[in-house]
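Please consult the sequence and the coordinates alongside the text.

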Amino acid sequence: MTSPAQPTALQTLVQDGTLTGSWTLDPARSSVLLETRHTWGLLPVHGVFRQVAGNGTVAADGQVTGTITVGAGSIDTKGKARDKDLRSAKIFDAANHPDITYTVDSMQPAGDGVRVAGRLTVRDQTRPLAFDAKISATAAEVRLDAEVPVNRADFGLTYSPLRMAAMNNTIVIRAVFTRQ
């Protein structure tokens with residue numbers, strides 16, 4: 001005879017109402033990174049978005065919604081020419097599309113973490129995007145950590161001189177939310 005699965009600590013905090021309410025991303029303790037490969041996959045490239053904001057809501061029934069926004073022009077890869085290209089109309093077009101936004105539609109327990117489902121918007125191109133994340137929570141703080149694979153061609157970001165830059169990228173999210 002199999003015993004029923006025990007709820008995780010996170011599920012318990014959601015079910016007992018501890019996490020119900022509004023949450024704000026703490027930009028000083030959060031980061032959104034871009035990882036990719038360049039020079040035909042030979043060189044790793046790491047970048048950080050210096051502007052990040054967000055919020056979330058946990059409803060009484062456990063439904064989670066929220067948004068994380070990064071400033072497209074805040075990308076910093078420690079390469080001035082590369083950063084200029086990334087901010088230009090060739091890639092992010094930060095002058096006309098200043099924000100990259102992920103909107104959370106739902107979050108469900110999955111394995112030892114959660115499955116986040118939502119929509120990613122880059123240069124006015126919105127695509128559904130779901131990913132697995134690790135999450136930890138207390139009554140005062142929620143931490144979400146994820147590595148999200150993204151193909152930039154899905155958003156029309158295909159510029160790559162001599163096809164040197166990879167289309168497949170990873171967005172690394174380390175988000176800390178505190179009560180509003």
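Strands are runs of at least two residues that DSSP assigns as E, numbered from the N terminus. The model discussed here is predicted.

**Strand pairing**

- Strand S4, residues 52-58, runs antiparallel to strand S5, residues 64-71, and the two pair over 7 bridges.
- Within this pairing, Val58 is placed opposite Val64 of S5.
- The hairpin of S4 and S5 has 5 residues between the strands, and Gly62 adopts a positive phi near 95° there.
- S5 also pairs with strand S7, residues 99-110, in the antiparallel sense over 6 bridges.
- Thr67 has Thr103 in S7 as its bridge partner.

**Salt bridges around Arg29**

- The whole structure contains 11 salt bridges.
- Asp26 and Arg29 form one of them through their side chains, at 3.5 Å from N to O.
- Asp26 counts as buried because its relative accessibility, 19%, falls under the 20% cut-off, whereas Arg29 is partly exposed at 38%.
- Arg29 also forms a salt bridge with Glu141, at 2.3 Å from N to O.
- Arg29 lies in the loop between strands S1 and S2 and Glu141 in strand S10, so this pair ties together parts 112 residues apart in sequence.

- The side chains of Arg174 and Asp145 form a salt bridge at 3.7 Å, N to O.
- This pair links distant parts of the chain, with Arg174 in strand S11 and Asp145 in strand S10, 29 residues apart.
- Arg174 is partly exposed at 31% relative accessible area, and Asp145 is likewise partly exposed at 31%.

Technical notes
Residues numbered from 1 in each chain as written. Predicted model: local features only at pLDDT ≥ 70, side-chain atom pairs only at ≥ 80, totals over all residues. Heavy atoms only, no water. Pairing = 2+ DSSP bridges. Helix = DSSP H or I, 4+ residues; strand = E, 2+ residues; numbered from the N terminus. Salt bridge = Lys/Arg side-chain N within 4 Å of Asp/Glu carboxyl O. Buried < 20%, exposed > 50% of the residue type's maximum accessible area, 1.4 Å probe, protein only.
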